[in-house]
Amino acid sequence: MQNRRKRISYKYRKVIQNDEKDWIIVEDTHEPLVDKKKWEFIQRTIVINSHRNEKINFFLLDGLLKCYECGRKIGVRTSSRNSKKHMICNYYRAHAKLKVCTSHGFCYDYLEEEVLYIIKKIFENIDKNKLCFNVKKRKIKENTTTLKDKKKTLENEINIANSKLEKIYVDLLNGKITEKIYDNISKNLNNEIKLKENDLTNLTKGNKIEEKERQKDISEVINEFLNKDYSDRKTILRLINRLEIHQDKQVDIYFNFKGLSDFAPALEGCKFKFNICTT
Ligand SMILES: [Zn+2]
């Protein structure tokens, strides 16, 4: 009985395989469901998001390297002799004899080192003080606006109470109200004015202390941001869209953020010639 079941299962699987083999695939006969660009983007995302760290030779710029000449992916291979990593155009590797592309066989370690250097310099070049100052200035402006509003309300209320005080005094002089009523009302109004004036003083004092605390917070956040280590893969993937490797050792770095290229350092003495690009 056992043998029989095994055979059935084996047969079943075989049928599926044969079916797939016999498929005749004719490309470009239907309207594409997803346009080509979108499809490429999806493919790229899938590749980048797949569990790369499970691969034996995991490396930081994996999935970002492209051949400038043929547009295919650049692979990285580790030499079994000295464990050095070097790049190779996948298209060239697959069809070396046909000479469809060239090797692009540069040292990967240098590339990674230099790309990290560029990123580090970019973040150093973002003027920390200027950034701090601008955030503070904005915060202070926001704060003074609400402070001004609160002050204005209190001042208005004090003015109204003072006019009421004047009015009942006139009423007293004209004999419209008794002295007793005047005393009562004026006492209440004077109390109200005192309280509001107190609030006004506290508002200015308290706000100064609050602002100092707030400025401390901002500096801490910005410091934390600028001292971050940018060499983790997650950050690299957020910053860099792709790296296009030319056969003449030029490298086009495509950042995901336009603003970053403004802070790119002067690049001299690098093994590669870098061009900072935006997508
Ligand atoms: Zn190529």
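Among contacts in the protein between residues at least 6 apart in sequence, 52% join residues at least 24 apart, where two residues are in contact if their C-beta atoms, placed from the backbone, lie within 7 Å. The model is a predicted one, in which local features need pLDDT of at least 70 and side-chain atom pairs count only at pLDDT 80 or more, while totals for chains, interfaces and linings use all residues. Residues are numbered from 1 along each chain as its sequence is written.

The protein has seven helices and six strands, which follow one another along the sequence as α-α-β-β-β-α-α-α-α-α-β-β-β; helices (H or I, at least four residues) and strands (E, at least two) are DSSP runs, numbered from the N terminus. Of the 279 residues, 10% count as buried, a term that requires 20 or more other C-beta atoms within 10 Å of the residue's own, whereas exposed means 12 or fewer and partly exposed lies in between, with C-beta atoms placed from the backbone.

Four strands form an open sheet of mixed pairing in the order β1-β4-β5-β6, and two strands are said to pair if DSSP finds at least two bridges between them. Because β1 (65-67) and β6 (273-278) each have a single partner strand, they stand at the edges, and one side of each is left without a neighbour in the sheet. From one strand to the next the twist averages 25°, with axes taken as lines fitted to C-alpha atoms, for helices over the stretch in contact, and angles running from 0 to 180 degrees between N-to-C directions.

V251 in turn stands opposite F274 in β6, where β5 and β6 pair in the parallel sense over six bridges.

In a regular strand the side chains alternate between the two faces of the sheet.

S83, with phi near 55°, lies in the loop between β2 (74-78) and β3 (85-89), and counts as exposed because it has 9 C-beta neighbours inside 10 Å. H104, with a positive phi of about 55°, is found in the loop between α3 (90-94) and α4 (108-125), and is buried, with 27 other C-beta atoms within 10 Å.
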